[in-house]
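Subject: Handover of a structure and notes on its features

Dear colleague,

Please find below the structure that I am handing over to you. My notes on it follow, and I would be grateful if you would read them alongside the coordinates.

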Amino acid sequence: MVSRALLLGTGRSPKRALGAVAAAFAAASLLVALPWEPMRTTGRYPIWAALVAVGLAGAGYAGRHRGGLVAGWGATFLATIWIYVIPPLAAVVRGDTLDAGGYAVPRPSIVALSPRAELLTGLRIGPVVALAIALTLGSAAFALGVALRRRSEGTGGP
């Protein structure tokens, strides 16, 4: 029973953690879909960094409020996979091309791919990278949340 509560959480905390990340995911997706060019080119890295920070905060929240490790991993996974899938998907939907000037490679890369090729590459490697980040940084943020909860309850130290 204890391991199930650790993995799946108790109460509404898992839904709150994932809901906050889903809302940030949707907001960031709308910002990228806007036809405003500075948001698509120079604004992509701050949006990605903020989204990953929200994902890690969601994992920490899940640890602090007994939300479950799966919710922490899910929050971090969703936030990380966004950069590999949503910006190129928005560019494909808009009909952008690599040489049109309005599309920039959404991830740090020295190889310039077309939006369609970037989307296919992101669908191939994005889940692997997102899973690695979710398991490492998501677990660390969850553990930090658990440590903060134990410290505030007075059961975390000698």
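In these notes a residue is called buried under 20% relative accessible area, exposed over 50%, and partly exposed in between, with a 1.4 Å probe and protein chains only. This is a predicted model, in which local features need pLDDT of at least 70 and side-chain atom pairs count only at pLDDT 80 or more, while totals for chains, interfaces and linings use all residues. Residues are numbered from 1 along each chain as its sequence is written, and side-chain values use heavy atoms, with hydrogens and water left out.

Overall architecture

The protein has six helices and zero strands, in the order α-α-α-α-α-α along the sequence. Helices (H or I, at least four residues) and strands (E, at least two) are DSSP runs, numbered from the N terminus. Of its 158 residues, 39% count as buried. With contact meaning heavy atoms within 4.5 Å, residues 24 or more positions apart account for 72% of the contacts with a separation of 6 or more.

The UniProt record, an unreviewed entry, annotates residues 43-62, 69-86 and 125-148 as "transmembrane region". UniProt positions are given in the numbering used here, feature names are shortened, and such annotations may be inferred rather than shown by experiment. In the model, residues 69-86 are 100% helix and 0% strand, with end C-alpha atoms 25 Å apart. Residues 125-148 are likewise 100% helix and 0% strand, and their end C-alpha atoms lie 34 Å apart.

Nonpolar cores

A nonpolar core is here a set of buried Ala, Val, Leu, Ile, Met, Phe, Trp, Tyr and Cys residues joined through side-chain atoms within 4.5 Å. The largest one has 17 residues, and those with the most contacts inside it are Ala 28, Val 32, Ile 47, Leu 51, Trp 82 and Val 85. Helices α2 (13-33), α4, α5 and α6 (115-153) each supply at least two residues of this core, and α5 gives the most, with nine residues. A second, separate core of six residues includes Leu 69, Ala 71, Phe 142 and Val 146. Val 85, leaving aside its neighbours within four places in sequence, is in contact with Leu 119 and Leu 123.

Which residue marks the bend in α5? The helix bends by about 45° at Trp 82, where the bend at a residue is the angle between axes fitted to the seven residues ending there and the seven starting there. The 26 residues of α5 should span 38 Å at 1.5 Å a residue, and its end C-alpha atoms are 37 Å apart, which agrees. The expected span is 1.5 Å times one less than the number of residues.

Thr 76, in helix α5, is buried because its relative accessible area is 1%. Its side chain reaches the backbone oxygen of Gly 72 at 3.0 Å. Such a polar contact is a pair of N or O atoms within 3.5 Å; within protein, one must be able to donate a hydrogen and the other to accept it, and residues adjacent in sequence count only if both atoms are side-chain atoms. Not counting residues up to four places away in sequence, Thr 76 touches Gly 55, Leu 56, Ala 59, Ile 133, Ala 134 and Gly 138.

Tyr 45 belongs to helix α4 and is partly exposed, at 32% relative accessible area. Tyr 45 and Ile 83 are 38 residues apart in sequence, yet 9.0 Å apart in space, C-alpha to C-alpha. Arg 94, in α5, is partly exposed at 28% relative accessibility; Arg 94 and Ala 33 are 61 residues apart in sequence and 8.2 Å apart in space, C-alpha to C-alpha. Gly 95, which follows α5, has a positive phi near 85°.

A kink of about 40° lies at Ile 125, shortly before Pro 127. Thr 121, also in α6, counts as buried at 15% relative accessibility, and a polar atom of its side chain lies 2.8 Å from the backbone oxygen of Ala 117. Gly 154 follows α6 and has a positive phi near 85°.

Most residues other than glycine have a negative phi. Arg 66, although not a glycine, has a positive phi of about 55°. Arg 66 lies in the loop between α4 (44-64) and α5 (69-94) and is partly exposed, with a relative accessible area of 41%.

Yours sincerely
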